[in-house]
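Keep it short and give the cut-offs.

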Amino acid sequence: MQTYSHAILTWAATAALPPATRIAAVVGAVLPDVPMIVAFVILKSRPDWSWQLFEEYYERPVLAVPTNLLHSWFVVSLLALAIWLWPHPIGLGLVLGLGGHAIVDTLTHVSDARPLLWPIAPWIVRGPVSYWEPQYGARWFFLFEHGLDLLALAFTGLQVWQRFFRA
Ligand SMILES: [Zn+2]
């Protein structure tokens, strides 16, 4: 799923939680894609930029290690265990955001799926649909994803309106 969709949907899905936990959840939902976004910006500014260059870096440890780490169900489970033992509102938000991102990405990546339990096992579970590969349903998923984004934005707008104009 697109990084902005992770942020929009997480913000809407955590409406019942305290603000600090909610903001942390959005940070957690965006964080797994930050290494890739940073790599893209750096590589795009190079004179030899090409998508092939990006794909090459996608597999290199400098990008693959932080990306795998932040998308790993194993790592998220360890963090969830830590938050269960030592509860903290911001930690809870981060774990919710990271966990939601890991689950959604597992369902929406096919040829670029990440090792589920990295680094303890190399298993790669391919999702039923890809958010970007047309041969794996990306066209209808694009509509579904952005439809959800619009619903979530409408819900957030309604909440803001109720809070500030009907108080
Ligand atoms: Zn991701």
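Val104 touches Met1 and His6, leaving aside residues up to four places away in sequence; two residues are in contact if their C-beta atoms, placed from the backbone, lie within 7 Å. The model is a predicted one: local features need pLDDT of at least 70, side-chain atom pairs count only at pLDDT 80 or more, and totals for chains, interfaces and linings use all residues. Residue numbers start from 1 along each chain as its sequence is written.

**Val104**
- Val104 sits in helix H7.
- Val104 counts as partly exposed because it has 19 C-beta neighbours inside 10 Å. A residue is buried with 20 or more other C-beta atoms within 10 Å of its own, exposed with 12 or fewer, and partly exposed in between, with C-beta atoms placed from the backbone.
- Val104 lies 38 residues from Pro66 in sequence, and their C-alpha atoms are 18 Å apart in space.

**Overall fold**
- The protein has eight helices and zero strands. Helices (H or I, at least four residues) and strands (E, at least two) are DSSP runs, numbered from the N terminus.
- The C-alpha trace spans about 55 × 40 × 35 Å along its principal axes.
- Of the 167 residues, 23% count as buried.
- Among contacts between residues at least 6 apart in sequence, 56% join residues at least 24 apart.

**Helix H2 (residues 19-30)**
- The twelve residues of H2 should span 16 Å at 1.5 Å a residue, and the end C-alpha atoms are 17 Å apart, which agrees. The expected span is 1.5 Å times one less than the number of residues.
- Arg22, Ala24, Ala25, Val26, Gly28 and Ala29 of H2 are buried.
- Those buried residues pack against helix H1 (3-13) and helix H7 (89-108).

**H1 with H2**
- The axes of H1 and H2 come within 8 Å and cross at roughly 160°. Axes are lines fitted to C-alpha atoms, for helices over the stretch in contact, and angles run from 0 to 180 degrees between N-to-C directions.
- That angle makes H1 roughly antiparallel to H2. Angles under 35 degrees count as roughly parallel, over 145 as roughly antiparallel, 65 to 115 as roughly perpendicular and the rest as oblique.
- H1 passes H2 in a right-handed crossing. A crossing is right-handed if the near helix is turned clockwise from the far one by less than a right angle, and left-handed if anticlockwise.
- H1 contributes Thr3, His6, Ala7, Thr10 and Trp11 to the contact, and H2 contributes Arg22, Ala25, Val26, Ala29 and Val30.
- By class, the contact of H1 with H2 has six nonpolar, three polar and one charged residue. Ala, Val, Leu, Ile, Met, Phe, Trp, Tyr, Cys and Pro count as nonpolar, Asp, Glu, Lys and Arg as charged, and the others, Gly among them, as polar.

**H1 with H8 (residues 138-165)**
- The axes of H1 and H8 come within 9 Å and cross at roughly 40°.
- That makes H1 oblique to H8.
- The crossing of H1 and H8 is left-handed.
- Ser5, Ile8, Leu9, Trp11 and Ala12 of H1 meet residues of H8, including Glu145, Leu148 and Phe155.
- The H1 and H8 contact residues divide into eight nonpolar, two polar and two charged.

**H6 (residues 73-85) with H7**
- H6 and H7 pack at about 155°, with their axes 10 Å apart.
- H6 and H7 are therefore roughly antiparallel to each other.
- Their crossing is left-handed.
- Trp73, Val76, Leu79, Ala80 and Ile83 of H6 meet residues of H7, among them Leu92, Val95 and Leu98.
- The contact of H6 with H7 has nine nonpolar, two polar and no charged residues.
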